Amino acid sequence: DTASPVVIPGILRQDWRTIIVGSEGSGKSVLCRTIAIAASQGRHPFWFPTKIKPQRVLIVDLENPVESILETGSKFMRYLRDADPEIYDEERLKIWRRPGGINLRTQRDRADLQREIIAHQPDLVVLGPVYKAYQRASSESYEESAFEFMDVLDHLRIDYGFALVLEHHAAKGSPGQKRDMNPFGSQRFLAWPEIGISLYTDKTDPRITKVRRFRGDRLANVGWPDSVVRDSNTIISGKWDDRAPESITRSTR
């Protein structure tokens with residue numbers, strides 16, 4: 001725990017990388033935002049009764065309009081404030097919006113992100129979508145451009161000691177075939193993260209999202225739920241095929 005501090009029990013440690021992949025409109029942004037907000041106010045994102053150590057969180061939103069963020073974020077923040085007023089502190093959460101996207105392969109944008117990280121000192125950075133975080137030259141392969149993008153994030157993650165969650169889109173499926181929720185672009189995205197999450201919307205209930213893997217977990221005892229369910233308060237409840245792991249249900253504060 002000293003070498004790799006827990007950020008969200010059963011889900012993230014300080015030096016872990018997670019990529020969350022889903023189709024357009026599958027709720028990736030809402031899921032990422034909910035994880036970030038819950039962690040910042042000391043609640044487990046998938047098991048709300050569990051109280052955890054509050055984390056400093058930086059959301060790097062590269063796509064969504066203000067209204068979209070406020071629709072879910074403000075409501076959830078108010079809910080957390082009312083549920084746990086003695087621990088609530090909105091200063092632990094910072095949202096850095098660049099809806100036009102950035103290019104972390106350029107010195108200017110890399111320095112801008114680094115400045116935000118230095119100023120906020122996050123334990124967790126949630127960034128996405130990936131396709132708006134860097135650019136590929138016409139003469140380059142997906143592998144070449146992705147390698148430099150990952151290298152930038154790895155250096156920042158190691159230098160400033162935060163866990164990383166990336167929102168990514170799925171590759172386009174073949175006509176007439178089931179679309180697999182694998183990362184778009186470079187094959188490096190399959191190998192790079194410790195945890196690779198694929199989201200599939202339940203065909204019978206749009207509130208339910210099935211949680212699968214596009215790669216095996218690099219580490220043991222990872223407690224992601226088998227599905228998540230959204231309610232009217234934008235709480236995301238985790239559902240496990242068996243029972244929720246003790247690492248998820250045991251309060252740590």
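Predicted model: local features only at pLDDT ≥ 70, side-chain atom pairs only at ≥ 80, totals over all residues.
Residues are numbered from 1 along each chain as its sequence is written, and side-chain values use heavy atoms, with hydrogens and water left out.

**The largest pocket**

- A pocket here is an open set of points on a 1 Å grid over the protein atoms alone, with protein on both sides within 12 Å along at least five of seven lines; lining residues have an atom within 4 Å of a point.
- Its volume is the space filled by probe spheres (1.4 Å probe) set on the points, with grid points joined across faces, edges and corners.
- Lining the largest pocket are S23, K178, R179, M181, L199, Y200, T201, D202, K203 and K210.
- Strand β10 (residues 195-201) gives the most to that lining, with three residues; strands are DSSP runs of E, at least two residues, and helices are runs of H or I, at least four, numbered from the N terminus.
- Sorted by class, the lining has five charged residues (Asp, Glu, Lys, Arg), three nonpolar (Ala, Val, Leu, Ile, Met, Phe, Trp, Tyr, Cys, Pro) and two polar (the others, Gly among them).

**Salt bridges across the chain**

- The structure holds 18 salt bridges, each a side-chain nitrogen of Lys or Arg within 4 Å of a carboxyl oxygen of Asp or Glu.
- R17 pairs with D154, their closest N and O atoms being 3.2 Å apart.
- That pair links distant parts of the chain, with R17 in strand β3 (residues 17-22) and D154 in helix α4 (residues 142-160), 137 residues apart.
- Both R17 and D154 are buried (under 20% relative accessible area, with exposed over 50% and partly exposed in between, using a 1.4 Å probe and protein chains only).
- R17 and D154 also belong to a salt-bridge network with R157, E194 and R218.
- R253 and D84 form another salt bridge, at 2.4 Å between the closest N and O atoms.
- R253 sits in the segment after α6 (246-249) and D84 in the loop between α2 (66-83) and β7 (93-97), so this pair ties together parts 169 residues apart in sequence.
- D84 is buried at 2% relative accessible area, whereas R253 is partly exposed at 36%.

- R115 bridges to D112, with the closest N and O atoms 2.9 Å apart.
- R115 and D112 both lie in helix α3 (residues 107-120), three residues apart, or about one turn of the helix.
- R115 is partly exposed, at 42% relative accessible area.
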